[in-house]
Amino acid sequence: MVFLRQIINLKRIFIVSLIITFSVRSLWAQSTISLHAVRTETAPHIDGRLDEDVWKNTSEATGFVTLTPNVGDKPRFKTKVKILYDDDAIYFGAMMYDPHPDSVLQQLGTRDAGEINADMIWIGIDSYHDKQNFFAFGISASNVQTDGKFTINSNSFIYDAIWDSRTHISDSGWVAEVRIPYSAIRFKEIENQSWGLNFLRVVRRYRETYSWSPMNPNEDGIASQFNTLSGIQNIDAPVRLTLMPYISSYLQHFPVNVPGESNWAKSFRGGMDLKYGINESFTLDMTLIPDFGQVKSDNEVLNLSAFETKYDENRPFFTEGIDLFNKAGIFYSRRIGGTPVGRAKLSGQVQPGELLISNPDQSQLINATKISGRTGSNLGIGFFNAVSAKTYALIEDTATAQTRKVLTQPLTNYNVIVLDQAMKNNSYLTFTNTNVWRQGAYEDANVSALNFQFRDPSNTYEVSGSTALSQNNLGGTDSTTSADLGVKYTWNLAKVSGKWQFRLGQSLKSVNYDPNDLGFLYSPNELSHSMSLSYNQPEPQGIFQNYSATLYLSMNHLYKPRQFASAGVYSFGYATLKNYTTVGFNFGLYPFNGYDYFEPRVQGAKFLLPPLWSAGAFLSSDYRKKVAVDVNTNMDIIRQYNTKRYNVGLSPRIRFNDRFKLVADAQYGIYQNDKGFATIDSNGTSIFGNRQQTTVTHSINAEYIFTSRMGITFNLRHYWSKVVYDQYYRLQSDGILNPILDDFAADVNFNAFTIDMVYSWEFTPGSELSLVWKNNIFNSDLLNGYIRNFTETIRADQHNSFSLKVLYYLDYEELKRHR
C-alpha cells in the first residue's frame, strides 16, 4: 500500500509515498497516545540548533515504531520530537539520531518537490480532530519544505502555507526546528484544543520509515489513526490577512510576417492575490487581474478520439485549496478562462474578401474568489465564483482594410457551492452545485450533485455513491425551449480494509447528462457495472518488500436505447523486490464482440469492436542510486482487424550531485491496421479508415538547485504523431466496415515542441522572483520520418516569451509585530 500510487503511475512520486505511509499501523498496537503541549513565554529562535533554554523542559514524542519495511519492528535509529506553543504559533524541535551523520542523504529540490533523495521528517496535524482531514508539513535534511492539505478522498500538495524551518547536521544525527504559525492551519474556537497528531521519519538510505502513531497497513484511513495532542489552551485565531501584489513584464516574439508590423511585443501587468480569514475556520481567497503567463505549457497531443483532451490544471489559484470544490467530480477549473464558446464556429462568419486577423483561444479572467472552511460541527462550506470578460475575434476586409469585431465569448460568471458534512468512521455527505451564466442569448447551465460515503465502526466496509442532475439550455436564443435535463448516479459496496478487498459498483449517465460547461465528462448515455477484487501485502514476504494484485471485471451498455457495448476482465499488479526494484504487469481481455456508439460521430450509428486482448509490464529501479531507470511496454491485439498496437518507453534519470538532476523520457508507439473514424461524407455517413500511426515523445527535465529557496528548472518536450490512411470504409448500420475506393485525404501529421525554463528565488518567505523563458512551436505539415519532422519543426515559426514576475508577500500579523 505504501508504494501503490507510485506504481500505478509508473513513477516514484516520493512525497506521496511518504504521506501514504501514514496509513500503516502495527496490528499489536491499537490504542492512541496523548501528548501534552507546553506553553512558552519566549519564542525559540528558528536556527536548527535546539540549544535554547526553552527547549529543556518540554514534552517529547518518543517511542516511534517502524512502518516500512517491517511493520512494528524497533527502529534502527532513535527519534524524538519536542513541542512548544505560544499565542502565535506551535513549535517543533525534532532530533533524528544517526550514528553516521555524514551518511544522511541531503539532496536539494524545489519546494513541494515530487522526487527528492533525502531524509525527511513529517508533521501531520488534524486540527479539527475529525479524523478525516489534516495538514502535513515536511522538512528534508537539506531544509526543503513540502506541505499539503489532505481529506478523506483527496490529497493536495499545492498548499503553500507560510511557515519557517531550519535544519542542522550534528554529531548525533540531524535536527529540524519548525515554526508553524496558526495562520497556516485552521482550528476550532474553543478554550482547550485537542488535535490529532503524527510524526513520520524517513531514513532514505535504508528505505525505512518510522512513525510516532502506530498504524495499521490493512486499515483504510490516515488521520483516523493519529495520536492526540492536548494542552494547547487559550489561543486565538490570528487576523489572517495577507496581500500578494505582483508586477510582471513580458517580451514576446512571433514572426507575424506582416509588412509594417513588428514581430516583437512587450507588455506590463499588475494585479494582486488576497487571502483573508473571515473567522477562525473560514478563509476568503481572491485573485484580481491574475497573470498566468508563466504557467507550464500543456503536453499537447494529437487527439483522434470522439472526446476532448483533458489537460492538467497548472494555474496556482486553481490548484491550491480546490479539493472541496471537486469532491463531486463535476468541477473542471480549466473551463474558467478557457476556450471561448463561439471560437470553433467563427469560420462560418468570415465572408469572401475578409481575413481572420485574430481569434483568441482563451478568454480573459477578470477575477476569481474562493471562500472555504469547516464549522465546529464538521460541516465544510465552500463558495467559488469567477468572472471572465467578453472575448472578440478580429476580422479584416482585405479591400478596405477596415476591421470588425465578432463576439466569441460573452461576459461569463462561474459559480460553485459545496456543503460537506463529515461524520464518524470516515463517512460524509456532500452537496455540490455548479452554475454557468452567460450574458445575452447564450446558453446557461446548472449541475447539482449529492455524494455520500458511509463506513462501519471498524472502518472495514463502505457504501458510497452519488447522484447528479444537469440542466442545460437555460436561457439561450429560444426562451420557449425547455431545459435539457440529464441525470447520473453511481453506487458502490466495498470492503476497504484488510489484505483482501473488493468493490461492487454501478454507474448510469442519461442521454442528456452534460456537466461540461464547468465540469468534464467524456461520454454520456452509459450504463456500467463493475466488480474488483484485490490482495495487498504491505510487509516483506519472501523475495518481496511488498506486492499487490487486482482483478477488475466490467460490463457496459448504451443506456438509451439499451444496447450492449462491451464486457471484459482486466488485471494489474506490482511487486517491490528486496533491492527496491519494482516490477508490474497488466493484462486485459474483452472476449466478446462489442460496439462503440461514439466513434462514428453520427447519431444512432455504431462501430463493431471484435474481441481484444492486451498485456503490459513495467520496471522501475531504485531511485536512491545515482543512475536509475524506468521501462514500460504495452500491446493490444485485435485479430479480426489484424490490429496491433505497440507502446514502449524508456526513462533514465541521473543525479549528478545533491543539486543537479536530469530525467530523460522516450516513448514510442506504433499502431498497425488500426480502424477508426476518418470523416463524414456528403450523405452524412461515417467514413472509417485503416490507419498506420506512429507516435514519438521525447522529453528532458532538468533542475539545478542553488539553495532550498533558489533554483533553475528546464523542461523540453517534442511530440510527433503521424497518421496515414491506406484504405477507407463506409460504416454500415450493423457496425460492419464496407471497403470503398474513395480517397478522403485524411492523413494527418502533428508536431508540438515546447520549452519551459524557470529561474525562481524565494527572497523572503512567500515572496518570489521568477524569470521564465517559454518556447512553443506547432507544425502540421505532412512530413516523413522523425528526424525530418524534428528539424522542420524547430525551423518553423515559433513563439518565444521572456517574462519577469515579482510577487511580494505581505502578512498583517507580521507587519503588526515588527512595526
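Is Arg-111 buried, partly exposed or exposed, and what is its relative accessible area? In this predicted model, Arg-111 has a relative accessible area of 22%. Buried residues are those under 20% and exposed ones those over 50%, so Arg-111 counts as partly exposed.

The structure holds 31 salt bridges, and one of them joins Arg-111 to Asp-160, with the closest N and O atoms 3.7 Å apart. This pair links distant parts of the chain: Arg-111 belongs to the loop between strand S6 (89–97) and strand S7 (120–126), while Asp-160 belongs to the loop between S10 and S11, 49 residues apart. Asp-160 is partly exposed as well, with a relative accessible area of 38%. In general, side chains of opposite charge can pair when their charged atoms come close.

Another salt bridge involves Asp-164 and Arg-166, whose closest N and O atoms are 2.8 Å apart. Asp-164 counts as partly exposed at 22% relative accessibility, and Arg-166 is likewise partly exposed, at 31%.

A search of the whole structure finds 39 aromatic pairs. In one of them, Phe-137 and Trp-163, the ring centres are 5.2 Å apart and the planes stand at 80°, so the pair is edge-to-face. Phe-137 sits in strand S8 (residues 134–140) and Trp-163 in the loop between strand S10 (154–156) and strand S11 (164–170), and the pair links these distant parts of the chain, 26 residues apart. Phe-137 and Trp-163 are both buried. Elsewhere, one aromatic cluster is formed by Phe-292, Phe-317, Phe-318, Phe-325, Phe-331 and Phe-384.

Charges and rings meet too. Lys-327 places its charged end over the ring of Tyr-428, 3.7 Å from the ring centre. Lys-805 lies over the face of Tyr-246, at 4.8 Å from the centre of that ring.

Two further residues show how individual positions are surrounded. Arg-624 is placed in the loop between strand S36 (612–620) and strand S37 (627–638). The side chain of Arg-624 reaches the backbone oxygen of Arg-205 at 2.5 Å. Leaving aside residues up to four places away in sequence, Arg-624 touches Asn-117, Arg-204, Arg-205, Tyr-206, Arg-207, Tyr-580 and Arg-655.

Ile-705, in turn, is part of strand S40 (residues 686–707). Ile-705 is buried, its relative accessible area being 0%. Its contacts, again not counting residues up to four places away in sequence, are Leu-108, Gly-109, Thr-110, Arg-659, Met-710 and Gly-711. The C-alpha atoms of Ile-705 and Ile-185 are separated by 29 Å, with the two residues 520 apart along the chain.

Definitions and conventions: Residues are numbered from 1 along each chain as its sequence is written. This is a predicted model: local features need pLDDT of at least 70, side-chain atom pairs count only at pLDDT 80 or more; totals for chains, interfaces and linings use all residues. Side-chain values use heavy atoms; hydrogens and water are left out. Helices (H or I, at least four residues) and strands (E, at least two) are DSSP runs, numbered from the N terminus. Buried means under 20% relative accessible area, exposed over 50%, partly exposed in between (1.4 Å probe, protein chains only). Contact means heavy atoms within 4.5 Å. Rings of Phe, Tyr and Trp (its six-membered ring) pair if their centres lie within 6.5 Å; planes under 30 degrees apart count as stacked, over 60 as edge-to-face and the rest as tilted. A charge sits over a ring if NZ of Lys or CZ of Arg is within 6 Å of the ring centre and within 35 degrees of the ring normal. A polar contact is a pair of N or O atoms within 3.5 Å; within protein, one must be able to donate a hydrogen and the other to accept it, and residues adjacent in sequence count only if both atoms are side-chain atoms. A salt bridge is a side-chain nitrogen of Lys or Arg within 4 Å of a carboxyl oxygen of Asp or Glu.
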